[in-house]
Amino acid sequence: MKIFLNGKIADFVEGSSIADLVVLKKLNSNYVIVEYNNQIVQKDSWPEIQLKNEDKIEIFQLVGGG
Amino acid sequence: MSDPLIIGGQKLFSRLFLGTGKFPNNKMIPEAVTASGAQVVTIALRRVDPEFPEENIVNFVPKGCILMPNTSGARNAREAVRIARMARAAGCGNWVKIEVIADNRYLLPDNYETIKATEELAADGFVVLPYVSPDLMVARKLAEVGAAAVMPLGAPIGSNRGLQTRELIRILIEEISLPVIVDAGIGRPSQAAEAMEMGAAAVLVNTAIATAGDPVAMARAFGRAVEAGRAAFLAGPGEVQRYARASSPLTGFLRDED
């Protein structure tokens, strides 16, 4: 299955959830913000969202800025 | 004397807002915030690079500070609104600095897109502080659509060139009832003090502090300069004169009159 992760094509196992993806990428779930097909999704719902082919995932974090 | 600045219903006792970009390391940020006395601290939002995950900047901002995420990276109103909503979802509260930039050389803001984003976010319950080129009509429009303050640039971002837009900022301060916060370009504490003496409500500083030889010491210097400038504004500076006016009596010592 192919998804678009932060604008790049990435391969993932069918049936993975957003929570799985965050763990797989070794991201700290407390720090990241996820957009699923252009909608912000809260952390509580990450395990319930099963990724489908060509889904668009954007993962953001807070950084220093002026 | 109590002289709070009230924005979005919050009483602020420091009129220095501090940015967190470009510090040599994150550990310096809490020290700089504390040394500066700043209560409003800006942060940004970026796509995660899974290969190089960064530390969470929020962990380096002392508790009790108001986080003000900016919308840097937005090239139009739609992107600014998206970033603001994401930052709010990330638990940053409801303050936002609108920054819409499509010019890469001077990083000048797009005032038109900024007004559109301000209107949408203010209607959505955000406390919106838009970063703009100083323009009276734009500032009036921002007030009309619900901005909590206007933040004109003194000089291009990160340029340390001071109050190059002095005259236009002066007009905004005179004509706009919203707080005018000078953002961008302030390179020295003396320039921050000057903005405050002119009647600016606050200043936002990042590069001048973060890239100083000793950022924490510079943060302290800026904190003091902002306090001094504000105190001078409240005290009412004397008038500028073309000719000398003696400070000591010139008559009555050896002769009564010249």
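1. The model discussed here is a predicted one. Within it, strand β3 of chain A (residues 32-36) pairs with strand β5 of chain A (residues 56-64) in the antiparallel sense, through 5 bridges. In this pairing A:Glu35 lies opposite A:Glu58 of β5(A).

2. β3(A) also has strand β4 of chain A (residues 39-41) as a partner: 3 bridges join the two, and they run antiparallel. Here A:Glu35 stands opposite A:Ile40 in β4(A). The hairpin formed by β3(A) and β4(A) has 2 residues between the strands, and A:Asn37 adopts a positive phi near 45° in this hairpin.

3. How many of the residues of β3(A) are buried? The strand is mostly covered, with 5 of its 5 residues buried. A:Val32, A:Val34 and A:Tyr36 point one way from the strand, while A:Ile33 and A:Glu35 point the other way. In a regular strand, side chains alternate between the two faces of the sheet.

4. β5(A) pairs with β4(B) in the antiparallel sense, over 5 bridges. In this pairing A:Gly64 is found opposite B:Ile43 of β4(B).

5. The contact between the chains draws 29 residues from chain B and 19 residues from chain A. Together the two chains bury about 2200 Å², of which 59% is on carbon and sulfur atoms. B:Arg47, B:Val48 and B:Met86 provide 29% of the area that chain B buries against chain A, more than any other three residues.

6. Which side chains meet in a salt bridge? A:Glu58 and B:Arg47 do, with an N to O distance of 2.7 Å. The count of salt bridges between chain B and chain A is 2. Across this interface there are also 13 residue pairs in polar contact, counting pairs in which both residues have pLDDT 80 or more.

7. On the side of chain B that touches chain A, the elements giving two or more residues are β4 (40-47) and α2 (77-89) of chain B. Of the elements, β4(B) gives the most, with 6 residues. The residues on this side of chain B comprise 13 nonpolar, 8 polar and 8 charged.

Conventions:
Residues numbered from 1 in each chain as written. Chains lettered and ligands numbered in written order. Predicted model: local features only at pLDDT ≥ 70, side-chain atom pairs only at ≥ 80, totals over all residues. Heavy atoms only, no water. Buried < 20%, exposed > 50% of the residue type's maximum accessible area, 1.4 Å probe, protein only. Helix = DSSP H or I, 4+ residues; strand = E, 2+ residues; numbered from the N terminus. Pairing = 2+ DSSP bridges. Contact = heavy atoms within 4.5 Å. Buried area = accessible area lost by both parts, 1.4 Å probe. Salt bridge = Lys/Arg side-chain N within 4 Å of Asp/Glu carboxyl O. Polar contact = N/O pair within 3.5 Å; in protein donor to acceptor, adjacent residues only side chain to side chain. Nonpolar A, V, L, I, M, F, W, Y, C, P; charged D, E, K, R; others polar.
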